[in-house]
Structure formats: structure tokens, C-alpha cells
Amino acid sequence: MSAVTSWHYPTVAVGSLADDDNANSAWVNPSYIFSDNTAYASRTVSSSSHTRTLRGSGFGFTSSDIPDGSTITGIELAIRRYNSPGLDYLVSLVPQSTGSIGDRAGDNKADTVTVWPNSPADALYGGDGDMWGTTISLSQIKSSDFAVDFMGTASSLSASLAIDSFKVRIYFIPPPADISATITEADDTLQATGLINQPREYSASITEAADTAAATGTVKVKGAATLAEADDTVYARIGYTAVIDWDFTASEVPDPRIVFSGGANGTRVNSAGQIVAASAPRYDYDPVTLEAKGLLNEATSTNLLTQSEFATGLPASRGGLVSAATFSGLIGTTGLAFGYDGATDSYAYTTNFTPVVSTQYYFSVFVRMDDGGAPAFGGASIHSPLNDFVVNIGNAVASPTTYKVEDYGGGLYRVIVPAINNASPGASIGVIKYRDNSPRTFKISGVMYELGFAATSYIATGASQVTRSADIAVVSGVDFSDFYNQSEGTFIVDFDTYMGANSYDRGLVGVDSGSSVNRMIVYMSSSMVGRAIGNTSSSQSFFFSNLGPISPNTHNSIALAYALNDFAASMNGTAPSTSASGTPGTVNRMTIGRASGAEGENGHIRRLRYYDVRVKDSELKALTALQGRAVIVETGDTLAAGGKAYITAALNKIEATDALTATAQVYVKATLNKIEATDALSSAATVRIKGALARTEANDTVSAQAKAYIRATVTIGEAGDALVAAADAGPAAVASERRTIILLGAPLSGRTVELTGSRLADRTIII
């Protein structure tokens, strides 16, 4: 159960901020909010406007109110006010006041419905369990810069607003009482990999002779540690052991210390390759190979086009051979079909948004070609028969040479078009199929138009525009201080991004104190190079400005090591950049997929490791070295348990006796020409084949629970091929697709063909 402080009143107040967006005058007598009395801060305001900011700060919370090491669980504000017809306009927390409206964070708690009373009364905001949608540290609450902002308005005509006081109280869970841990017997031993991890300020004493912690054993004591007897020993640690190692590609179960928020109205691609609704944490997969990409982190974005999946049947503006149709693969099942007769121009536009001139947007639309192939844009002319269709944005047709086509598997594709209107645009945004384009017909759905420098994950809309909030992942409080070493440590972050050069620095991982005053961050610059920077009390401790180039949709790894006057950073196995001066800033939280002073990543965090020691420069290079891709697996090669080999070209041959150990995976994006006799898939191993499996030799085996996913024709070539009980050999194709079974090379006698669950007319048997 949470404890709670007494009410605290502010000791500093201002009646306006320099960047307030309202022409009204400042509040009169703002200091009258310091206590409950009959003196009021006041301001007259009309119903068509709102007041300037009344900010109270200096609440004076100390360790006597909230013990060090406590966990904040809620913040409650009371504002004593009166004078109908007054109304709230803004009620917001300010973690660290600098005199700007940009200091505000989290939720606006204003009650914009309830009219103020005619006599003074308290209005309550927040409470136990309510952190106002933001992260505020204990040190910030105790700071004199912690503040509250208020703005008011009138419900009708005008009101003379009167505020008697602000007051705040904090709900918290105090740290447990200190205890003492003592190992008292002779010859007590911590075996290899043994761990005593006492997460708070405890006292540990080893009191008898010959006590031992064996190799790689670790004793972590944050209080007093005493080795009292002769021969007590803690052996040297062998190698480096990560205190945290979060592989977001290996599991969709996050560490409970990470607090996720945001991602509202978002989507992800799940492990089956399907686009589904999701909020943070969003674990994302390649829709074709089903490879786990990791934790999707994106900045805020808005789909500016309404009825993105044409749920009403037709858009606001259309013509030609366009009709409502079913469409699979998105959130709904609706879309539009485009026909072709060689004589008619067809188009479908949304008309709810007019682009701003000379501003970067991205348009995207999901497409299913009726012949199952990918949409083609091979002509520079918008009327070329090499183009299946073209895209109109603000009454200007974008050049097909700029279109990008992304494969989402199973015949679903996304066409992405960058757009900058250099003349006054109209509101029409959509797809045109000219009569002199190709004769291929298709269906569309999921239109999206967003401000920014890349097409982000799909945002479904209905009658209104929809905003996806930024993905947030934070570790703070005791969950952070338990593993973080202020004196020295090392971060390693593995990631990818779909961004190219843009106008923002984008964070990957960082530690800070709630602002950029004290921080160490790893990030991508706007020019797409890896960087790392640190600040202590607003002074720069180190800055590594160019750790290496970052290309979109590529795997990268950056390490940052720190200690007093000893910093280093390495990217993708390169020699570390170093700095021999500076102090690590005092920090109290870690952010993932973003960082203080940088925007959201717009990509994936694949893995995050933290060592509570400053790893040697030679090890930084090794720990960030990237594994290559496999083209040919030679005779006798083995993938051990948990191993992965991603193959993006033709896998020419897997030789006899090659083995995939349990849980190993091979992803093949092209034709697998031959699997030799006796090749084996061990239990739970997986082979995913998008092309044709041309031949399987005699006696090849898929072991129990192993899976071979085949998205094309399967030819069974030799007698004796077997699927062991519980094995699964696809094919993973559309349910209505016809199957062809070809039996070759051996007499028909002794073979059995079973056709179940479907009409014989839908199957073909060739003997």
C-alpha cells in the first residue's frame, strides 16, 4: 500500500510565460496561490479565449517527506477556485521548469465540462496510481523546478476567475528497511556462476576463513562489504557477463522492469506475417520470411486520410471502372477493385485533406493484383503501359520512378510514394489507372498519407484522421538503480531503421535524469551516421560524432563504454573512438528506442545489453561485429540450438549429413534446389521456403514437431520420404488454391494418395 505526503503549497509563482500563445494580460497577484486564505490570484477572460499560464513551483518536498529509494506511485493536485462561469482550460505537470510552455509533460487533466462553483472549493486532479501519463523521477519532485501549470477560460460570455491556492501531495512506496546478511560458517563457497545480488543498501560480511566465490562467481554488495578472515577469496571474473541482455527477437515477453506506453492506434506484423492492431510493446516480424525484427519504435504519426479501407464502399471522389470489393490482410475486409477495358480512365480519391506546399509527405496504399504478382512501375511516363497505375497527390501525379513496392507476402504489396507539392495543391489524393496503363487489374485498400520522411507502420482510419502515439519504453526507479553502475559500464544496442536522411536526430538508447542536463545517449544523426554523446551538469563530457554510416533496413550494432576520463564507442566491429576526459553524468532512468534530445527511432531495437563494467576496447570491437549472411551451407555444417541462418539468395545445396539442431532456423527466400538423402531437421527446427521445393531424395526426414513451410508446388520425388509424427509440411498457401501432386520415378504399387476435406474437382493428380 502506498504512503502519502502532506499537502505542499508552492513558494514561487508567475502569472505568464514568455511563449504563451494568448494576448490576454498576465494573472494578477500570482503569489496569492501560496496558501488557503481569502486572497486570490485573478484574471478576467472571455469564452472565446483563454488565460495566460499561472505556474506554481518550489513545493519543497525533501527526503523527510519521501525517503530516498522510494518508488513514486501517484501525484495529486488540488486547486481551490471559484467564480462561475469559469472553466478549466489546461492543468498540467512540469517536471523541470525553465519558463517555457514546452516544459509541460504528460496528460492535460483539465475538466473542460464542470463549471466552477460560486464559492471557493477544491478541485482534485490525479491521485494514487496516476502518474499523469509521464515519467517523473524522485529527484525532479524534490527539485525547486518541479511545477504545476494552469490556464482557464469561461463557459459563456466572460468570467473573472479567482484561484485561492495550488497544493500537491505525492503517493509513494518507501524502500524496505535495511537488513544485514552474514555468511558465518567456515569454507562457505559460491560455486561457479553463483550470485549474491542484494539490490539495496544491505551489509554483507564473510566472517570465516577460506570462504570462496569460484571462477565467474559474483558478489554484488551496495553497502559495506567485509572480508574478515584470512584466505577469503573472490576469484577474478572470466570474461564479461551482461547484467541485462534483452533479445527482443527471441521472445515477445518483455522484462517486467521495462515500462511501456504509447503506440496507441498502431499496428505490427505478427509472427504469422499478418498485420494486426497493437500498442507498445510492438514486436514486429518480416511479413515474407517471418524473421523476428524486434521491438518496433516509432515517433508520433497521423494518417491524414479518412476511411482508409473504404468501409463505406466508395471514396468521396471516383470514376471509371471502380467498385467496392473485399480485401484481406488489413484490419478490415473492405477495399476497391479497379477494372480495365482499354478505353476508360479510372480513379479513386479521398478529398478530406489538402497538402501544404513544399512540405514532405509520404503516400502509401496496399495492393493485391488480380494475377497474384507484384504491381509494376516500369515507365517514366504516367501514361506508360509499363505502369499498372499511378498516384495523384493534390491534383499532381507523382512520377512512377519514385514509387517503392514492399512485399507483405501472400500476394499483398504496399506501394509507397514520397510527395512534395511545389504548387498550390488540391485535396484529391489517390490512385489513377489510365486507359493507356497496363491491362492488369487489381484491388486497393489501406490508403495512408502522413507528414514526415518515411512511410511508417499502417494506421487504420474511419470517419476521422487517426494519430498513432509515440512508442515509449523506460526503466526507472529501483528497477534501474539495481543494475546500473554510475562509475563505469557499457551499453550495446543492436538495431535497424527504415529512415533515410531526415531533419531529426533519432535515439536508440540513453540514460538521463529526465532532461539533457545529465545524460549519455546513443543515437542516429539526421545525416544517418551513428553517434554518442554525454553531458554532466550541462557540460559536454564526450562526443563521438561519426561512428559509421547507417543504411535503411540494415542490421547495426553500437557499443558505448564509460568510466571517469575513459569513454569509448564502436559500431559494427570497427576500431573504437575514444575520449580521455569527462565525467559520467548522474542519471536515474534508461530510455529504449529514443533518448533525451532526440526523436523516436523509427525502426527496431533488436537486442540491448548492459555490462556494469567498462569493457575493454578490443572487446567492444568484437561485441559489435555483425554476423554475415549464408549463401551455401557446406557438407557437415551445423546450426546449434537457437542458431539462425537468413538466406536471401538461392540456396544451391544443403549437403548430406548437414543438421539443424533443435530450435535452429533457416530462412530461405528463393528456390531450394535440392535436399540430399539423410538430411535431417531435428525436433522443433524450421525451414521456411518461399520458392519451389524441387526435389526431395529418398529417406529424407522431417523429425517430430519440425516444420517445413513451403509456399509453392511440392513435388514428391522418391519412395520412402517421411514426415515423422506431429511434423508439419505446409504448404502455406491460399485455401482456394488448387494443389498438384506429382508421383515420379517409382511404381504406383505401394503408394497411397489421400485427398481429404475438399472436392476432387479442386485437385489434380498426375501419374
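## An open sheet of five strands

Five strands make up an open sheet whose order is β25-β28-β34-β30-β31, and their pairing is antiparallel. The edges are taken by β25 (317–319) and β31 (396–397); each has a single partner strand, so one side of each is left without a neighbour in the sheet. Strands here are DSSP runs of type E with at least two residues, helices are runs of H or I with at least four, and both are numbered from the N terminus. Two strands count as paired if DSSP finds at least two bridges between them. Strand β30 (residues 390–393) meets β31 in the antiparallel sense over two bridges, and N392 has V397 in β31 as its bridge partner.

This is a predicted model, in which local features need pLDDT of at least 70 and side-chain atom pairs count only at pLDDT 80 or more, while totals for chains, interfaces and linings use all residues. Residues are numbered from 1 along each chain as its sequence is written, and side-chain values use heavy atoms, with hydrogens and water left out.

## Two buried loop residues

N421 is found in the loop between β33 (413–419) and β34 (429–433). With a relative accessibility of 7%, N421 counts as buried; the term buried applies under 20% relative accessible area, exposed applies over 50%, and partly exposed lies in between (1.4 Å probe, protein chains only). A polar atom of the N421 side chain lies 3.1 Å from the backbone oxygen of I393. Leaving aside residues up to four places away in sequence, N421 touches P355, V357, S358, I393, G394, A396 and Y449, where contact means heavy atoms within 4.5 Å.

D388 belongs to the loop between β29 (361–369) and β30. Its relative accessibility is 2%, so D388 counts as buried. The side chain of D388 reaches the backbone nitrogen of A376 at 2.6 Å. The side chains of D388 and R440 are joined by a polar contact of 2.8 Å. A polar contact is a pair of N or O atoms within 3.5 Å; within protein, one must be able to donate a hydrogen and the other to accept it, and residues adjacent in sequence count only if both atoms are side-chain atoms. Not counting residues up to four places away in sequence, D388 touches several residues, including M369, K433, N437 and F442.

## Strand β35 and its partners

Strand β35 (residues 442–451) is mostly covered, as eight of its 10 residues are buried. Strand β27 (residues 334–338) is joined to β35 by three bridges, and the two run antiparallel. The bridge partner of A337 in β35 is K443.

β29 also pairs with β35 in the antiparallel sense, over eight bridges. In this pairing, F363 stands opposite Y449 of β35.

## Aromatic rings and charges

The structure holds 25 aromatic pairs. Rings of Phe, Tyr and Trp (its six-membered ring) pair if their centres lie within 6.5 Å; planes under 30 degrees apart count as stacked, over 60 as edge-to-face and the rest as tilted. The ring centres of Y484 and Y610 are 5.7 Å apart with planes at 25°, so this pair is stacked. Y484 lies in the loop between α2 (477–481) and β38 (489–497), and Y610 in strand β47 (residues 603–611), so the pair ties together parts that are 126 residues apart in sequence. Both Y484 and Y610 are buried. The rings of F491 and Y610 have centres 4.9 Å apart and planes at 50°, so that pair is tilted. It links distant parts of the chain, with F491 in strand β38 and Y610 in strand β47, 119 residues apart.

F491 is buried, with a relative accessible area of 3%, and the value for Y610 is 0%. One aromatic cluster is formed by F480, F483, Y484, F491, Y562 and Y610. Elsewhere, the charged end of K167 sits over the ring of W7, 5.4 Å from its centre, and the charged end of R368 sits over the ring of F327, 5.9 Å from its centre. A charge sits over a ring if NZ of Lys or CZ of Arg is within 6 Å of the ring centre and within 35 degrees of the ring normal.

## An open sheet of four strands

Another open sheet has four strands in the order β2-β4-β8-β6, with antiparallel pairing. Its edge strands are β2 (12–14) and β6 (86–94), each pairing on one side only. β6 and strand β8 (residues 147–154) run antiparallel and are joined by eight bridges. V91 has F150 in β8 as its bridge partner.
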